[in-house]
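Colleague: I'm new to this one, could you walk me through it?
Modeller: Gladly, let me put it up and then take your questions in turn.
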Amino acid sequence: MKRIYVNEKWCLGCHLCEYECAYANSGIADMVRALKGKPIFPRVRVEDAGEVHFAVNCRHCSDPVCVQSCISGALTKGKDGVVRIDRQKCVGCLTCVLVCPYGAVLPSPEGHAAMKCQLCTDNMMGEPNCVKHCPNGAIVYEEREAAQ
Amino acid sequence: MKNYRYVILGCSVAAVAAIEGIRSRDREGAVLVVGEEPCKAYGRPLISYYLLGETDLTRMDYRPDDFYRENGVTLRLGVRAEKIDPERKIVTLADGEQICYEKLLIATGSRPFDPPMQGIESVKERFHFMTKADALALEKALSPEKKVLIVGAGLIGLKCFEGIAARVKSVAIVDLAPRILPSILDDAGAKMVQSALEAHGAAFFLADSVLRFDGGTAYLKSGKEIAFDLLVTAVGVRPNTELIKEAGGEVNRGIAVDECGRTSLPNIFAAGDCAESFDIASGTHKVLALLPNAAFQGRTAGVNMAGGEAKLQNAVAFNSIGFFGTHVMTAGVYEGEMYCEAAERTYKALFTKDGLLKGFILINLPERAGIYLKLLKERIPLGRVDFEALKTAPAWSAFSPEAREANFAREV
Amino acid sequence: MQLYIRPDYEVVRNEARCIACRVCERQCANEVHSFDPETGLMRSDESKCVNCHRCVSFCPTHALKIVKTDDTYRENANWEAQTIHEVYRQANTGGVLLSSMGNPKPYPVFWDKLLINASQVTNPPIDPLREPMETQLYLGKRTVKAEREENGLLKDNLPPQLKLSVPILFSAMSYGSISYNAHESLARAAEALGTYYNTGEGGLHKDFYKYGKHTIVQVASGRFGVHKEYLETAAAIEIKMGQGAKPGIGGHLPGGKISEDVSKTRMIPQGVDAISPAPHHDIYSIEDLKQLVDSLKEATEYKKPVIVKIAAVHNAAAIASGIARSGADVIAIDGFRGGTGAAPTRIRDNVGIPIEMALAQIDTRLREEGIRDNVSLLVGGSVRSSADVVKAIALGADACYIGTAALLALGCHLCRSCHTGKCNWGIATQRPDLVKRLNPDLGYERLVNLVSAWKHEIEEMMGGMGINSLEALRGNRLMLRGIGLTDTELRLLGVRYAGESL
């Protein structure tokens, strides 16, 4: 399946992806209205360590440990391969946050539930908005082989 | 006599995971699930959230309604399995029915353990807090003028407190241990959580125990007396191992299984709270009565039952649990050198030994905690990562570029 | 006393739109933007702004614009602000003024005073979508006597040729002046397009030897990075005699840009200034030039065409005539609007002549002397569009070099600050954090897009003229008419005035 992959070499650490993610998931059509004067809680997070920068979001693992560990059955891996969270079922125990080896499942700011990248299948963007706006091809949405 | 390729005793998380494990290899073989509880699998830890009003009976279902049909599973709910004949590969149910299996999974879970307590029979309203039925029964008894006594300040007792705190007059909690959550927290961490619970009305009686009950009064060892209307006992649990023991299988504290989930009896597997795991943090076999571990074990057993190869080699105790917004994450054992960061609302303790992360406690520091658990579960030598950086904040930048390449630029 | 020079630009931030995401701050190598945690607002220090538009391009809410300041000195048509500033700057520092990219002064652009013909009725236009349109061409010497083998078959005695699928090449830009990623983008684009890029005088990085079949290597007065393998790897060798942006002077790459990789590639010590002398110290005549042409040919077994590149100067036609007799296969002429990574401002802005004039004069001269087919003509120095390419070919060029246009495709915003080494677009810099801003996977694609688009447009214009091959357009000045030109200009360009029939 198509997933978001990180080309660390080309990540500039500009953090645009975080803002584009927060905007995409805000449900507000105007970016200024969606983000101005508010802290953002994007589902993609850029790590900066000196000259090294890279974005981290859900890997949509083939055998997702978060789905196996979920105490409420709120996390599922769909037939399309997308790992989703049903925020109605989620009770916010954050077991998924504790088991995700990527640190890609995040506590949501309002508590009561976890949040994660769903490849923009849960908003109006139609395609991952972070990838669409990455200026340097540092995150891409494509098919790739598993590591050998 | 009915014949099933796969018979699963128990209908909770390990059973569901086993079904998924089986179906990842075998789409056809008939599966029978025999469950003592009269309902389909639900998220057992959700019962406190149910009392809290954060979920409801429908949303508590662990899998969608059509899960069992879609996976070709026959359900026999509300009936207990009484006996296993491993020679003839037959399970006898409480209603006398006998069922023939090719592969059998014991996923019978555990039950509450009540130590002998003098005068307990004089207490009119007594509850456990393990099942949906327990929660519903307790809910019926709740009312704003009632006083509750919880015996046991472990995970179950305290989650019960969180569930009922706002719905009763007062709650007293007694525990033999000198601190709350004794199995997962150290003193400093326990204090922090305790004050959060006290802010919501919990009255703790620690390093104390009930000497005897007399109707609505508990007499403590310390000499204190607690008047109560409802009693919840949450002292501990015991794995349901009898079926295997009686059939001649190896049982220690729980049912002994190998890393594939096999018991000592042929064609019989065990998973979940009734079975032991090899805990990599302590290096010992023990019952890890945790929901995710039940899922891992169930899945592993299921795959092996269906002829596949799966091994559970990284079992470890871990918990993620919140009380009124104070969030606690713990894992492993608290041995070796300790790195500690404590602030007013947050607490971090990392335990390292022999160049490995052995355990950790994180209070109100949930972000990216999974990176710590990865270090622990995968026994990653700390020399291979920038552990100094990881101490302050879990991050992938502390790993090698090759590790990042393998994890972020490839399918995983 | 250092006189304060007021900033030329103002950073205008629309506070109603700014979400304080700080992307501008992270992207500005000049440190113009900063975040004020107390007010939660972004601040800017425009004295550092070079107007490269990196922040404007990246701002996700389009909250930024950079405007020319409306602060003015007392108006004076003779003493413009720019002129005054240059005096202040020199009085402050005592230094030669440095500039980058091409001459920005308002000299006439003759491309814009030439109009292209189209066919009507008697010779119908060609629809390039339906009819074949030949944009392929060869560069090299074409005057050879037909000789036959004993069995009567024709001997292949044609000197080496460069085959191009479009009449466009990427001009010389050295590794050092531009980044590794810019070079990789150019190399990969040249390969994908079936054309060539040019190493410039900085040698060829080992990583790019694999693009050798699409590489023209330069031999300049500094002889940086020139060795046998370098010459052998290339498709052609260019002797750089001069550069349009700075005719008559050498080059100077500051030591700061001589990184480890650049030093290896140039075969000079790390951190030491790379000085290219003004002349080649072994060339003081056409005869000397011939010796270098011959040496390079000898070294590469006569398999590679040799190009001689000169700046367009007053006597370009006579010089070209000499080069055409030196054994060179191609003459490259670089007009005075050509770009540079760094040049003394006075040279860049005041020396040389327009490429249009030089080209017309050289083509005419070579024709008159009957030696036009001895060489191919390559022109550069501000070829800005496919129309410029068509006009250049009609004036007599075989093909065009594009430099500035290629850099624009890579993201360059023509801020003309290459010489500072802090290119925010990752092009004219060696700072690793800035170099990585140009991902060649994207860069090469943009170059391919640009040239492919131009190719389509060239085909459209050729079709309109009823011409179906570049061969038929080359030197076909009847396809051009001048507008707003003086008689002298028309005469030098060899074109008639608009409206004038045959």
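Colleague: What radius of gyration would a compact globule with 148 residues have, and what does chain A have?
Modeller: Bear in mind that this is a predicted model. A compact globule with 148 residues would have a radius of gyration near 15 Å, and chain A agrees with that because its own radius of gyration is 15 Å. Taken along the principal axes, the C-alpha atoms of chain A fill a box of roughly 45 × 40 × 30 Å.
Colleague: And how much of chain A is buried?
Modeller: Of the 148 residues in chain A, 57% are buried. As for contacts in chain A between residues at least 6 apart in sequence, 55% of them join residues at least 24 apart.
Colleague: How many helices and strands are there in chain A?
Modeller: Chain A has eight strands and five helices, and, read from the N terminus on, its elements follow the order β-α-α-β-β-α-β-β-α-β-β-α-β.
Colleague: Switching topic, how many residues does the contact take from chain C and from chain A?
Modeller: Chain C gives 16 residues to the contact, while chain A gives 17 residues. On the side of chain C that touches chain A, the elements that give two or more residues are α1 (23–27), α13 (432–435) and α14 (440–465) of chain C.

Technical notes
Residues are numbered from 1 along each chain as its sequence is written. Chains are lettered from A and ligands numbered from 1 in the order in which they are written. This is a predicted model: local features need pLDDT of at least 70, side-chain atom pairs count only at pLDDT 80 or more; totals for chains, interfaces and linings use all residues. Two residues are in contact if their C-beta atoms, placed from the backbone, lie within 7 Å. Helices (H or I, at least four residues) and strands (E, at least two) are DSSP runs, numbered from the N terminus. The radius of gyration is taken over C-alpha atoms; the globule rule is 2.2 Å times the number of residues to the power 0.38. A residue is buried if 20 or more other C-beta atoms lie within 10 Å of its own, exposed if 12 or fewer, and partly exposed in between; C-beta atoms are placed from the backbone.
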